Amino acid sequence: FLSHRQSVMIVYVFIVSWNLIVIGFAQQWLGCGILTSAALCLGTSAWMFDMPYLIEFHVRGILSQMKFQKQGRMPFTEWHEIHQVVTPMDVDIFGHMNNARYNRRAEYSRITYFIESGLRKATIDLGVRGHLKSLAMRYRRQILPFEFFRIRTKLIGWKGKELYFEQRFVTTDSKGKEFVNAFSVSIYKIPRKIQSNAVDLVRMVDEEFAKKGDEYLPSSEVTKDTKSNDALANGSGDGINVRDVVLAYNTFESISSSFLNPAKLR
């Protein structure tokens with residue numbers, strides 16, 4: 001019953017209100033100083049609202065926007081890269097980065113890629129508000145606590161109202177040799193009610209790159225360089241076939257619609 005913008009505003013108002021209540025309670029009832037009150041405020045906020053995520057989300061977004069305005073957009077043909085480290089909050093009971101944390105870190109990279117590649121500006125100019133439709137992740141080797149790694153993101157195709165992205169989690173050993181510990185293919189979907197298609201977004205940013213066609217979808221492994229790329233070739237596991245990902249999620253959608261309409265199950 002609430003719009004997306006109203007829901008977000010309520011969440012942020014609740015966060016600010018909670019912080020003010022905690023500071024007031026700490027000072028008036030517990031007699032704490034400003035530093036102790038601030039520590040209690042940050043501690044409870046981190047526990048209740050996942051503040052590390054919100055802070056990193058906004059800081060990366062602001063820095064990427066500043067970089068975009070100062071240096072201009074990065075080409076679609078290049079890999080976008082951010083540097084990360086595994087913190088104690090990322091580690092699960094098995095002593096490595098939890099599988100769910102890969103998706104969280106991948107989101108940071110997609111957000112900054114959208115801004116620095118010019119896609120975010122294109123969505124604003126066209127009045128498009130899309131969303132992440134699906135994501136297929138393949139894990140190849142664990143990433144250990146306090147290990148540094150990089151996330152590389154690249155636009156690899158589009159079809160209809162969908163943009164396709166590949167992301168790689170890359171570590172480097174003591175000899176300087178790279179290894180792709182995990183990689184994924186994600187689909188960004190433009191709502192059906194929006195007249196613009198995915199190629200329109202690409203054309204707004206780079207007309208030459210959009211000449212690949214209204215539909216540009218890799219037919220082989222993730223980026224066709226699976227075998228030639230040493231970092232991805234080292235270790236077990238083939239690539240993720242983009243067409244298989246699209247087919248799998250289209251099948252999933254048809255099954256989901258069947259549950260919404262029981263008549264289709266007969």
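Me: Which residues in helix 4 meet helix 5, and which residues in helix 5 do they meet?
Reply: This is a predicted model. On the helix 4 side, the residues are Tyr113, Phe114 and Ile115. In helix 5 they meet Leu119, Arg120 and Thr123.

Me: At what angle do the axes of helix 4 and helix 5 cross?
Reply: Helix 5 covers residues 119–126, and its axis comes within 4 Å of that of helix 4. Angles of 65 to 115 degrees count as roughly perpendicular, so helix 4 is roughly perpendicular to helix 5. The crossing angle is roughly 70°.

Me: How far apart are the end C-alpha atoms of helix 4?
Reply: Helix 4 has 18 residues, 99–116. At 1.5 Å a residue, they should span 26 Å. The model agrees, with the end C-alpha atoms at 27 Å.

Me: Which residue caps the N-terminal end of helix 4?
Reply: Look for a side-chain oxygen 2.8 Å from the backbone nitrogen of alanine 100. That oxygen belongs to asparagine 98.

Me: How many residues of helix 4 are buried?
Reply: Buried means under 20% relative accessible area. Helix 4 is mostly covered. Of its 18 residues, the buried ones number 13.

Me: What is the strand order in the open sheet?
Reply: The sheet has five strands with antiparallel pairing. Strand 1 (80–85) and strand 2 (131–139) each pair on one side only, so they are the edge strands. The order is 1-3-4-5-2.

Me: Which residue in strand 4 stands opposite threonine 153?
Reply: Strand 3 and strand 4 run antiparallel, joined by nine bridges. Opposite threonine 153 stands glutamine 167.

Conventions:
Residues numbered from 1 in each chain as written. Predicted model: local features only at pLDDT ≥ 70, side-chain atom pairs only at ≥ 80, totals over all residues. Heavy atoms only, no water. Helix = DSSP H or I, 4+ residues; strand = E, 2+ residues; numbered from the N terminus. Expected span 1.5 Å × (residues − 1). Buried < 20%, exposed > 50% of the residue type's maximum accessible area, 1.4 Å probe, protein only. Polar contact = N/O pair within 3.5 Å; in protein donor to acceptor, adjacent residues only side chain to side chain. Pairing = 2+ DSSP bridges. Axes fitted to C-alpha atoms, helices over the stretch in contact; angles between N-to-C directions. Parallel < 35°, antiparallel > 145°, perpendicular 65-115°, else oblique. Contact = heavy atoms within 4.5 Å.
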